[in-house]
Amino acid sequence: MDRARDPHPYDALLLLSFGGPEGPDDVLPFLENVTRGRGIPRERLAEVGAHYHLFGGVSPINGHNRELLAALRSDFAEHGLDLPVYWGNRNWAPYVTDTLREIVRDGHRRVLTLATSAYSSYSSCRQYREDLAGALAALAEEGLDLPRVDKLRVYYNHPGFLETMTDGVLRALDELPADVREGAVLAFTTHSIPTAAADTSGPPAGHGDGGAYVSEHMDAARWIAEALAERTGVRRPWELVYQSRSGAPHIPWLEPDICDHLRTLHEAGAPAVVMVPIGFVSDHMEVLYDLDTEALAVAAELGLPAVRSATVGTDPRFVAAVRDLVLERAATERGEQPQRCALGTLGAGHDVCPVGCCAARTPRPAAAGADSPYA
Ligand SMILES: CC1=C(CCC(=O)O)c2cc3nc(cc4[nH]c(cc5[nH]c(cc1n2)c(C)c5CCC(=O)O)c(CCC(=O)O)c4C)C(CCC(=O)O)=C3C
Ligand SMILES: [Fe+2]
């Protein structure tokens, strides 16, 4: 077989995501699934529930995942990559346990996982490995022969991610009124997490304050800002800011918040801003509500021209990046030394999360890492 198309030893790809409600009656049970045992104040739940109800109780995330699933399947077929693609979620149907059961019943033994999050942190990486461990534990209870499950490395610095984001910013700049375009500044934005979770993100060896979560986002932002400067001849001020904070007010989370940042930019005389949602791989509710609804309303109130650039979604270059990552990992598992594409300064991330990577407050079994209790 052509090595460039050889998925061996893998026989299935699992798209692992967050899940979201599909109608008004799903909203409360979904939020209960998300927040079980996580100490989110009730007022915050009601508030977030209202965001979903504003969109008919439907999260955009499932539709985006269905589209990504279809795009991956046709890209793989087009490139002669014979690897079935499945989809399972943490918080809503199709649940990952049900999907993994189907994968096993279909006779697959080596599963590679793509999580819909590009960075290192408990919420964006380890919690997905806990989901896999939970699914494996459930299947073991049922007496099924367990498959081996691996997870793809973080992909925030893959060219197919960064170049696609960069093109999105170029399109967003074009949407700004011509007279403020030149002076527009960049606000890279991602999901806030507790500072304690940021500090322990990535391998225990450490990335300094803010851990791998902050350093990876900084590296992505810097690369995009420099690529834009090269392509447009305009060097724009930029900053990494945060959004979608939840949790109790006395617990510190990463700051500044995008809405506060817009006020700061306005006071400092910025003529316009592009919000670049580097933390999200598709237009989740956080993008549709927290940026497109809330942050754009703040900007409008200030009279600050603002636009939000695109997420990678199902851009063909992002889909091709996933194929590249799958083939790279398959080759590595076969003992070859494939090229590992990465831009920026941090290099390609680890294939296998080391012991203690993105440590959790409450230790739980996590699969697909060096500390996995499974083979
Ligand atoms: C880093 C990160 C990502 C990015 C990585 C990834 O993509 O996984 C992410 C994604 C998402 N988060 C989502 C939704 C929610 N997240 C919540 C709560 C939380 N998120 C956190 C972090 C993250 N979250 C954290 C530290 C909490 C506090 C509670 C806890 O420690 O678990 C809550 C509870 C209510 C609230 O407080 O907001 C909701 C409803 C959706 C679905 C959106 C849709 O429907 O389109 C998606 C993709
Ligand atoms: Fe979240």
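Domain bounds, as used here, come from an automatic or database domain assignment. Domain 1 (3-155 + 314-333) and domain 2 (159-308) each contribute residues to the shell around ligand 1, so the ligand lies between them. This is a predicted model, in which local features need pLDDT of at least 70 and side-chain atom pairs count only at pLDDT 80 or more, while totals for chains, interfaces and linings use all residues. Residues are numbered from 1 along each chain as its sequence is written, and chains are lettered from A and ligands numbered from 1 in the order in which they are written. The protein averages a pLDDT (the predictor's confidence in each residue, from 0 to 100) of 96, with 99% of the residues scoring at least 70.

Around ligand 1 there are 24 residues, of which Gly20, Ser59, Ser117, Ser246 and His284 come nearest; a residue is near a molecule if its C-beta atom, placed from the backbone, lies within 6 Å of it. Helices (H or I, at least four residues) and strands (E, at least two) are DSSP runs, numbered from the N terminus, and the largest share of this shell, 3 residues, comes from α1.

An open sheet of 4 strands runs in the order β6-β5-β7-β8 with parallel pairing, where two strands pair if DSSP finds at least two bridges between them. Because β6 (238-243) and β8 (306-308) stand at the edges, each with a single partner strand, one side of each is left without a neighbour in the sheet. Strand β7 (residues 273-276) pairs with β8 over 3 bridges, and Met275 has Arg308 of β8 as its bridge partner.
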